[in-house]
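Let's take a friendly walk through this model, moving from one spot in a loop to a helix pair and then out to whole chains. Please keep the viewer open as you read.

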Amino acid sequence: MSWRDALALAGKGVQRRPGRAVLTVLAVALAAALLTALLTIAGTAETKVLDELAKGGPLAGIKVAAAEPDPGQIDQDNARPGPPRDLDDAALARIAALPAVSRVLPVITARVLVTAPDRTVEGQALDPFLDTIVGVDLSSAASLPLTVLAGRLPGESSVTEVAVTQGYLERLGLERTEASTVVGSEIRWGAGRFYPDGERSFVRGRWVRAQVVGVVAQEAGSGSFLVPIDQARTARAWTGSGPDGGASLELASSPYTGLFVVAEGIDNVSRVRAQITAVGYSTSAPENLIATVRRYLHVVEIVLSAVGGIGLVIAALGITNALLAAVRERRREIGVLKAIGARDRDVLRIFLVEATALGLLGGLLGTALGWLVARGVSEVVNGYLAAQGLVGVRLGIPVLVVAGGIVGSALLSLVAGTVPALRAARLPAREAVGGS
Amino acid sequence: MPLVAVLLAVLVAACATAGDQTTASTIPPADNTGPPVVFVAVGGGETTGVRLPDSLRQSWPQLLFTEALPRRAVLVNLSSPGATVAQALDQQVPAALELGPTLATVWLTRGDVRAGTSVAAYERDLELVVRRLQDSGARVLVATGPPSPEDAVPVGPYGAAAERVAQRTGTQFVDLSALDSELGVAGHRQAADAFMAALATDPP
Amino acid sequence: MPPLAIAVRDLTHRFVVRGGRLTVLDGLDLVVEAGGHVALMGQSGAGKSTLLALLGGLERPQEGSVVVDGHDLTGLSRDELAAFRRESVGFVFQHFGLLETLSAVENVELACTLAGVPRRSRGRRAKELLDAVGLGERAGHRPGELSGGERQRVAIARALANHPRVVLADEPTGNLDEDSTTMVVELLESLPAEHGCTLVVVTHNRALAGRAKRLLALRRGNLHEAASV
């Protein structure tokens, strides 16, 4: 008897008890759906993180500061006290030339006096305040630790756009959920320059206006305002152009406040950090956090797989049970099959095919269902993320999970069908006739 | 269900670390085209806004900067209270020229009135101030204001001298002598409006 | 003397029952010529079905020898017994033994499949067999849609699918009414002549038994010649 004949006969066998077949298929389908949904969701989350790591995004970034930590760099996890070393173009070139460095993004900050003309806090005009603008190369925003909470980032060469941070929101007494209310407003800031004027001396502001185009969470530098690097450079140059070189205004001598070094993937972060430390700068990187996140994701995946796996095992036991019942019911029929010439292995084949077909069908249905469930969950999650001002996820079709779900269900059912099929195969042909 | 919470946490973590940009850009890209606009204000206490509670918002140069100039403009207020024309020529004008101004305002009356500068010397030095600023390519506006409440000396001759300088140099003259001598918040508002009106007309 | 279809010598068969072993067949001898038609009678539990199962290779003989169509069944493996059944024997059961989910023609085709009939000619062969039992018109019907007599005729058609040398029928009319019985009896009776096979029928039905050339009675584990036609 060929496999094709066995399949046809198994199909007919299923028709004997369509209700039972449907329930068996549904059990497998539900288990496969559970497994597919869980793995699709976990896989999407992990893929997203791993993508970021692989392409050397912000997670593979290293913050570099001058060797002598200042109070603003208290979070340096390998701060090495030593003489201050400026981060200048030469240092940038040297670090950029290190092996396994993907790119080096300078960060320039400048102290400015800020006025927010149309902003009030509890009815009072917001007092001018000293703060810091953080200038970065916004054409490489994807490599920087920036998250847009509302609106967008400033244009990379814009001179009139700024993104504010939550620090600014706090100054205004706004919640994070109200972030979008500051988008579109205008702020002015002036970088100071020291002017001696005979006996007296003055600080003159170079005032610029900028429209708030977005609200960001940024870790590139400490300051409430994120701007294209040229804006910060101009402001810094203005302060530094005074006869005192900016010393009266406590301008740091280092041209760059910091560097953001992107390693070629997470695995190179430690190595690059060691090299930068050897060059003479202190660094910090979220690599320990990333490793933890990866482990965490892995654990989640294992747990989810186990949950889905248990479901599949239960479904497999259901298949075994259904087939054992079928074998019991069809003892005489199996005997007749043997009487008219079927060998043991023909009978084995029929029952194995039946089990596999049920599993395959359940796997197909379940994987499709599971993917739909995952989509539903991702819709809910995206709604939540959108409400939080975060980027949504795009659910891919994980080929491995889908293929695994279908093939796995079929294989598991095949295994589950083995005991009943063997039992059927070993039934004596004598069952066909009555008597003892 | 804790599982759902775990999934949400994982997804949020994935997204929060991703650093993508949001899809919706509510503000259209700024128009950065056009020549740079650099506005320098040369003057004394009237330009600094010494009597204002919030000079960074209420002084007329800030009002002019905010309301009449494109957003890409830059303002540097070089004025110092009590400055005379001679001091301005010595200190403020070189600083202004460094900036490559495209618009410059000159309002210097009270320092010279108080210092007792002769009208002739005032007129001579003011013309030098204006001409140097003009030579750098800036559009220049010359203003004169009301007397200081403490001053007994009439400011009329200085105002007339300033107007003659404006005529000789072909710059616009902004007559603010009618303003309240206290030059408070309302005075600065009026001064800003007068400068804006002058800016709106073509130079002579 | 025509060749022997069945030669059983000193066949003893026992069942394990609670408290010991029950001897069902005790040194039984049976010889049936090719083309013969034998009826087996006996009381319930006398071992008729067991004898039939042994003759058909459904069970391996415990003692003695069973040679059917030249095959000594005594030492055959399960697969060899299956091959023997596939090639040499056709069964007709009291319970018909049709697969309920298959139509009449599909039931016959299944036997053709097991008999190794090529896929292309299975349908034709099955249809011919159904025509031969007068059920060509009902080929597409499932057993549940057929009467008892019709079902048994389908079973007979199926039994012929492999051109058997021996047809073994176990109470073929046991579940049939009188009209159906007549038709089935006539059909069975025609088999030796039309298909050249040997027919062994286990029955309680005297009319059916009466049609056989030899009538044997199974008593106390052995066969006794009851009558000869």
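## From a loop to the chains

Start at C:Gly144, which is found in the loop of chain C between helix H4 (119–132) and helix H5 (148–159). Bear in mind as you look that this is a predicted model. Is C:Gly144 buried or exposed? C:Gly144 counts as exposed because it has 9 C-beta neighbours inside 10 Å, and the cut-off for that class is 12 or fewer.

Two packed helices are described by the angle between their axes and the distance between the axes. For helix H3 (residues 104–114) of chain C and H5(C), the angle is about 25 degrees and the axes are 8 Å apart. H3(C) is therefore roughly parallel to H5(C), since angles under 35 degrees fall in that class. The crossing in which H3(C) passes H5(C) is right-handed.

Which residues meet where H3(C) and H5(C) touch? On the H3(C) side you will find C:Ala104, C:Asn107, C:Val108 and C:Ala111, and they meet C:Val154, C:Ala157 and C:Arg158 of H5(C). Sorted by class, this contact has 5 nonpolar, 1 polar and 1 charged residues.

Now zoom out to the whole of chain C. It has 7 helices and 10 strands, and buried residues make up 51% of its 229 residues. Taking the contacts in chain C between residues at least 6 apart in sequence, 68% join residues at least 24 apart.

Chain C also meets a neighbour: 28 of its residues are in contact with 22 residues of chain A. On the chain A side, helix H1 (3–16) and helix H8 (331–339) each supply at least two of the residues that touch chain C. H1(A) gives the most to this side, with 5 residues. By class, the side of chain A that touches chain C has 8 nonpolar, 6 polar and 8 charged residues.

Finally, turn to chain B. Here you can pick out 10 helices and 5 strands. Chain B has 204 residues, and buried residues make up 42% of them. Of the contacts in chain B between residues at least 6 apart in sequence, 80% join residues at least 24 apart.

Conventions:
Residues numbered from 1 in each chain as written. Chains lettered and ligands numbered in written order. Predicted model: local features only at pLDDT ≥ 70, side-chain atom pairs only at ≥ 80, totals over all residues. Helix = DSSP H or I, 4+ residues; strand = E, 2+ residues; numbered from the N terminus. Buried ≥ 20, exposed ≤ 12 C-beta atoms within 10 Å, placed from the backbone. Contact = placed C-beta atoms within 7 Å. Nonpolar A, V, L, I, M, F, W, Y, C, P; charged D, E, K, R; others polar. Axes fitted to C-alpha atoms, helices over the stretch in contact; angles between N-to-C directions. Parallel < 35°, antiparallel > 145°, perpendicular 65-115°, else oblique. Left-handed = near helix turned anticlockwise from the far one by under 90°.
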